[in-house]
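I opened this notebook to keep track of what I looked up.

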Amino acid sequence: MSNKFKRLTSIRDLKLMADVIREDIIISLREAKSGHSAGPLGMADILTALYFNILKHNPKKPNDKNRDRFILSNGHTCPVLYATMANAGYFKKSELLTLRKLGSRLQGHPHRAALPGIETTSGPLGCGLSQAAGMALVFKREKTKQKVFSIVSDGEQNEGNHWEAVLFAAKEKLSNIIAITDRNYIQIDGNTEDVMPLDSLKKKYLAFNWNVIEINGNNMQQLISTLKKARNNKDKPLMIIAKTLPGKGVSFMEGDYRWHGKPPNKDEAQAALNDLHKKECLERGDWYHLHQKLKPIHKKIKRSKK
Amino acid sequence: MTTKQYDLSKLKGLNKSMYLNFNQENKANRSGYGDALVTLGKRNKNVWVCCADLTDSTKVDKFAKTFPNRFVEMGVAEQNLVTVGAGLAAVGKIPFVSSYAAFCPGRCWEQIRTTICYNNQNVKVIGAHAGVSVGPDGATHQALEEIATMRSLPNMIVIVPSDYTQTKKATAAIAKFKGPAYMRFGRTSTPQFTTKQTPFQIGKANILKQGKDVALIATGALTYEALRAAAILQEQGINAMVIDNPSIKPLDKKTILKAAKKCRHIITIEEAQVTGGLGGAITEFLSETHPTKVTRIGMPDCYGESGDPQELLKHFGFTGESIARKARKLCKK
Ligand SMILES: Cc1ncc(C[n+]2csc(CCOP(=O)(O)OP(=O)(O)O)c2C)c(N)n1
Ligand SMILES: [Mg+2]
């Protein structure tokens with residue numbers, strides 16, 4: 001199938017898009033006045049790479065049966081999924097302002113029946129990889145070509161359900177699974193290695209009979225080249241351990257687990273947007289053009305009460 | 001969103017021996033749980049607390065700081081949470097295992113069934129963030145089924161306290177009770193109306209207000225909405241009895257039967273599915289002993305959704321206004 005939207009091929013464009021998505025995350029969280037900041041900002045580069053370059057999908061035909069599947073297992077990070085989908089053309093960007101509100105298709109945790117393009121409901125952690133494995137098993141047995149991409153967080157790898165899926169995917173040699181760990185080293189109660197140590201994740205997956213690649217999940221170049229190669233993954237399921245910086249792009253959120261489940265208030269949102277603008281100015285891209293589209297939203301955030 | 005205030009102290013037929021006080025600030029029941037744990041921890045060295053990466057929001061942070069040697073961080077692993085709890089109990093501890101109700105007991109029902117209930121281990125399962133009033137997190141996080149799933153387990157008792165002070169008492173009471181217990185509460189701050197002197201006992205329902213036309217039997221924070229409904233009904237000339245029913249299992253059969261004999265109509269009110277919860281328990285009991293028409297207010301076999309907590313309570317018909325409307329319709333028939 002062909003993508004019915006503009007694929008971004010240059011690393012520069014992809015990086016710009018990731019920052020636009022970061023802005024949209026801040027704006028939608030500010031409007032919602034609740035929700036998760038750190039994870040989504042850290043994952044913006046991964047989602048951009050997937051939706052604007054790697055995935056075979058069609059925003060106008062979200063149910064196309066030949067599409068690749070993308071399972072967001074750590075559902076609380078959905079602000080990044082929604083912002084990415086909106087920018088890719090699944091729905092109007094203005095709908096991002098309905099996040100978490102009564103009647104919205106953008107539920108606080110993604111709901112399959114609410115919004116076309118959401119492959120499964122998530123939020124309760126540790127169940128994404130199993131569903132990805134179920135899909136991948138069918139594709140493998142029926143010899144169809146789709147890939148199943150799934151992002152799992154590090155915190156959710158505390159769950160037994162996740163490791164049951166790891167065993168299963170290895171047993172069935174589901175090489176059409178491309179899983180990505182958002183390795184940001186934070187969860188709710190603190191740093192992952194204090195709450196429930198996971199390292200060495202790489203050794204664990206190797207011991208469980210998976211292919212493993214470790215990359216910098218905020219490096220667009222690495223993301224694109226790794227994910228492109230991943231399409232040719234063979235024999236075993238693939239885990240890409242993507243090290244990301246939680247809160248990436250917003251100076252006062254970066255690396256701080258206390259931003260796991262908190263939205264920015266009005267001043268913080270403004271400061272966050274300033275941070276993101278500054279970064280883009282430095283890169284001297286065509287950010288001005290992209291930001292014209294966001295102007296009405298910027299105005300709205302200024303108007304909204306503290 | 002603002003809701004109309006009623007001076008509940010003006011309700012006719014308020015039960016003096018309940019020592020209610022309507023001039024208190026709103027507080028979250030989960031804070032009552034957290035505060036009670038610290039007191040309990042001082043009194044009883046066998047009280048332990050286990051938590052699954054939700055220390056602050058389940059309010060066990062104070063206990064964790066005060067008694068680090070009796071606090072266990074389990075990570076995001078609810079099945080391990082309750083089964084490790086069963087192990088702690090097996091060697092004489094009184095573990096309180098807490099998470100969001102959607103995940104514990106939501107995710108680990110069979111483990112609770114076998115390792116806690118069938119074993120009859122002294123584990124206290126605590127479900128926080130229950131009900132649609134969880135708000136913007138949405139349906140995945142709004143536990144609505146666990147009253148039913150916990151109630152169906154032999155040996156398990158089920159307690160849903162109605163305000164902060166009662167949650168403190170309930171925490172102490174289930175610690176004292178020997179055997180498995182489930183206690184649930186919501187996320188938001190809600191009105192406090194009971195006081196130190198208000199009685200609380202496992203297996204006991206309290207008649208807060210006498211009445212004869214309709215009995216409003218509520219559990220959890222919605223008991224306050226039942227009182228508001230009674231105030232609205234009073235203005236319309238309808239005299240409602242209000243019963244606070246925190247002990248869903250064991251059920252206070254005597255008090256329920258009394259209400260059924262006195263009032264023509266029974267309405268049960270809970271922030272849970274109408275199937276199998278408080279309404280289920282009362283319907284089952286009355287149909288066998290004193291067949292009575294029971295109207296159940298709860299989630300009508302559907303999931304919640306994202307929204308502001310107050311907005312959602314209104315949307316799904318849990319406010320005093322909505323309860324009063326239903327009661328009035330019944331009484332007019
Ligand atoms: C089964 C389950 N248990 C508990 C939770 C509550 N919870 C939501 S996010 C989270 C922390 C998970 O860590 P991670 O995904 O690494 O967080 P992030 O990096 O996004 O901050 C927890 C415990 C949940 N959503 N699901
Ligand atoms: Mg993490």
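How far from an oxygen atom of ligand 1 does a polar side-chain atom of N184(A) lie? I found 2.7 Å. I count a polar contact as a pair of N or O atoms within 3.5 Å; within protein, one must be able to donate a hydrogen and the other to accept it, and residues adjacent in sequence count only if both atoms are side-chain atoms.

**Ground rules.** I am working with a predicted model, where local features need pLDDT of at least 70, side-chain atom pairs count only at pLDDT 80 or more, and totals for chains, interfaces and linings use all residues. Residues are numbered from 1 along each chain as its sequence is written, chains are lettered from A and ligands numbered from 1 in the order written, and side-chain values use heavy atoms, with hydrogens and water left out.

**Ligand 1.** I looked at D154(A) next. A polar side-chain atom of D154(A) lies 2.7 Å from an oxygen atom of ligand 1. For H260(A), the corresponding distance to a ligand 1 oxygen is 2.6 Å. Of the 590 Å² of accessible area that ligand 1 has on its own, the protein covers 99% (Shrake-Rupley method, 1.4 Å probe).

I then checked the location. Ligand 1 lies between chains A and B. I counted 20 residues around ligand 1 (a heavy atom within 4 Å). Among the closest are H76(A), S153(A) and E78(B). By class, this shell has six nonpolar, nine polar and five charged residues. Here Ala, Val, Leu, Ile, Met, Phe, Trp, Tyr, Cys and Pro are nonpolar, Asp, Glu, Lys and Arg are charged, and the others, Gly among them, are polar.

**Largest pocket.** Ligand 1 takes up the space of the largest pocket. I noted a volume of about 1000 Å³ for the largest pocket. Its lining has 50 residues, and those closest to its centre include H36(A), I188(A) and Y100(B). Helix 2 of chain A gives the largest share of this lining, three residues. The lining divides into 15 nonpolar, 19 polar and 16 charged residues.

A pocket here is an open set of points on a 1 Å grid over the protein atoms alone, where a 1.4 Å probe fits, with protein on both sides within 12 Å along at least five of seven lines; lining residues have an atom within 4 Å of a point.

**Second largest pocket.** I read about 750 Å³ for this one. Of its 39 lining residues, N26(B), T190(B) and Y224(B) are among the closest to its centre. Helix 7 of chain B gives the most to the lining, four residues.

Note on methods:
A molecule sits in a cavity or pocket if more than half of its atoms lie within 2 Å of its grid points. Grid points are joined across faces, edges and corners, and a volume is the space filled by probe spheres set on the points. Helices (H or I, at least four residues) and strands (E, at least two) are DSSP runs, numbered from the N terminus.
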